[in-house]
Every structure is written in structure tokens, then in C-alpha cells.
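Please read them with the structure open.

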Amino acid sequence: MGDSFHLSTADLSALAFFLVVWVLHTLASDGRLVSRVSLTTAMNAQRETWMRTMAEREIRIVDTAIMSGLQQGTAFFASSSLIALGGCFALLGASDQVLSVLSDLPFGTTSSRAAFQMKVLCLVLILAFSFFKFGWAYRLFNYCSILIGCVPIPHGEAARNPVTQTAVWRAARMNMLAGKHFNSGLRGVFFSIAYLGWFVDPIVFVLSTLLLLAVLVRRQFFSAARHAVIGQPPGAGNG
């Protein structure tokens, strides 16, 4: 089977390990694999709180400014993914030169031109996945801006009536969906860095994947950023 894809059994095993790690990390970050609250899950709760707070403000300049910042960041990563895709096609045109460089690396293994091009095409798929995720997230953030505009201006009990609560729920849900797709695109970019180890050697590929996993797990479950979102200030609840 490996021969039909111009890849060795070690290559295919390393690729399978890479994909399994990606899927498991995604499930864990979304709160579907472990009970510990991840940074992503905690921020989703904050997105909902933001929308509820927004509904009680008459002047929503700060909310539109935040949405603009989210859209600009998403557009930046979408553009970066396109640039990276162009670089991949440039790699295909310079396969012989790149293979010569890789063969001189201390841990590099000799790879055929066909195998190298297959690996580049897989990298193209990862970056294309990220681009479409960023593109969709940008559109969802745009939709969220419209839904924020649909939330009625509060007057007395207007902030708590069913119509307002429904509008808030819609805006919060759209915001969380946009964040989910943005995180998926960003995760693709992160894993594309680990993927570069495959161009050196399958073992290096596995090691780079494990290293990336360690970094992402720490950020999601044990980082100072997570503590800042769900933690309590010193002395809180003691008085």
C-alpha cells in the first residue's frame, strides 16, 4: 500500500500517528475527551458572558471594536495561509534542490522525488484546511456583528424579555462557532509546523508531533492564560 503512495510503511505509520494526535487534541480542547476544563472551553463561556453584558449596554462601540479586531486577526491568518500555500507550490518546483539540502541534514534520510512531492501535497491539504477554516470564521464573525446589531437597546426590562434573550443567544452562539472555526484553522497552522519533521525522517516527524502536543496541552490545560480565565483573585470568597 505504501508503494502505491510512494511512501514507506514508517512514513505511513508516522502520518497516522500525527492524524490521531491531531484528532485527540481537538476532542480534548473541545471538552469531549477529558473532564478538565480547557482554555478553549473557558473562553467559550466568556464569549457568552460578553454577549449578555453587551445586551445591557446602550452604547456598543467597545463591542464593535472587539469584533473588528477579531475579524482583522482572522483575515491575517487567512492571508498567511495563502502565502504558505504558494510556498508549497514553489517547493514542488524545486524538489531536487530541497532533496539535496535534506540529504545533508544529520538525521535526514534519502527520499525519492515522488515521496517528497506526496508529502508536500499533504502539507498543501493541511494549509488549505486552515485557510478555509479562517475564511469561514471571518464570515461567521461578520454574521455575529450583524446579530449584535439585532440585539434590542435595553430600556428597563427590555434587556430580560424573551425577544432580547433570543437575540443574545443567537449572537453568542454565532460568536462561539466563529471562535471554534478560528481555533481549528490555528490548530492546523500549529500542526503544519510539526508536520515539517516528516521531510527529515519519520522518527523526527513523531518527535516533532509529540513536542507540539506537549506545548498545546500545556497551553490548553495548565497555562497561566487558563488560570487567568477561570482562576480567582487572592482573597476572593474569604470575606
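**Notes on the helices and their contacts**

1. F205 is buried, at a relative accessible area of 0%. Buried means under 20% relative accessible area, exposed means over 50%, and partly exposed lies in between (1.4 Å probe, protein chains only). Y195 also counts as buried, at 0% relative accessibility.

2. A word on the basis. This is a predicted model with residues numbered from 1 along each chain as its sequence is written. Local features need pLDDT of at least 70, side-chain atom pairs count only at pLDDT 80 or more, totals for chains, interfaces and linings use all residues, and side-chain values use heavy atoms, with hydrogens and water left out.

3. The fold is helical. The chain has 8 helices and 0 strands. Its elements run α-α-α-α-α-α-α-α from the N terminus. Helices (H or I, at least four residues) and strands (E, at least two) are DSSP runs, numbered from the N terminus.

4. Now the totals. Of the 239 residues in the chain, 39% are buried. The chain exposes about 13,200 Å², and carbon and sulfur atoms supply 67% of that area. Accessible areas come from the Shrake-Rupley method with a 1.4 Å probe; for residues, only the protein chains shown count as cover. Take the contacts between residues at least 6 apart in sequence: 78% of them join residues at least 24 apart. Contact means heavy atoms within 4.5 Å.

5. The aromatic pairs deserve a look. The structure holds 16 of them. How are Y195 and F205 arranged? Their ring centres are 5.6 Å apart and their planes stand at 80°, so the pair is edge-to-face. Y195 sits in helix α6 (residues 162-195) and F205 in helix α7 (residues 202-221), 10 residues apart. The rule covers rings of Phe, Tyr and Trp (its six-membered ring): they pair if their centres lie within 6.5 Å. Planes under 30 degrees apart count as stacked, over 60 as edge-to-face and the rest as tilted.

6. Next, α1 and α7. The axes of helix α1 (residues 9-29) and α7 come within 9 Å and cross at roughly 5°. That makes α1 roughly parallel to α7. On the α1 side, the contact includes A10, D11, A14, L15, F17, F18 and V21. On the α7 side it includes P202, F205, V206, T209, L210 and L213. Axes are lines fitted to C-alpha atoms, for helices over the stretch in contact, and angles run from 0 to 180 degrees between N-to-C directions. Angles under 35 degrees count as roughly parallel, over 145 as roughly antiparallel, 65 to 115 as roughly perpendicular and the rest as oblique.

7. Helix α3 (residues 61-93) packs on α6 at about 30°, with the axes 11 Å apart. That makes α3 roughly parallel to α6. The crossing is left-handed. A crossing is left-handed if the near helix is turned anticlockwise from the far one by less than a right angle, and right-handed if clockwise. M67, G73, T74, F77 and S81 in α3 meet N175, F182, L186 and V189 in α6.

8. α3 also packs with helix α5 (residues 113-150). Here the angle is about 165° and the axes are 9 Å apart. The two helices are therefore roughly antiparallel. This crossing, too, is left-handed.

9. Two α3 residues are worth checking. Q71 is in helix α3 and is buried, with a relative accessible area of 14%. Beyond neighbours within four places in sequence, Q71 is in contact with Y138, F141, N142 and S145. G73 is in helix α3 as well, but is partly exposed, at 24%. The C-alpha atoms of G73 and F134 are separated by 9.5 Å, and the two residues are 61 apart along the chain.

10. Is A115 buried or exposed? A115, in helix α5, is buried, with a relative accessible area of 4%. Not counting residues up to four places away in sequence, A115 touches H6 and L7. Its C-alpha atom is separated by 9.5 Å from that of F199, 84 residues apart along the chain.

11. Last, S192 in helix α6. S192 counts as buried, at 7% relative accessibility. Leaving aside neighbours within four places in sequence, S192 is in contact with L123, I126 and L127.
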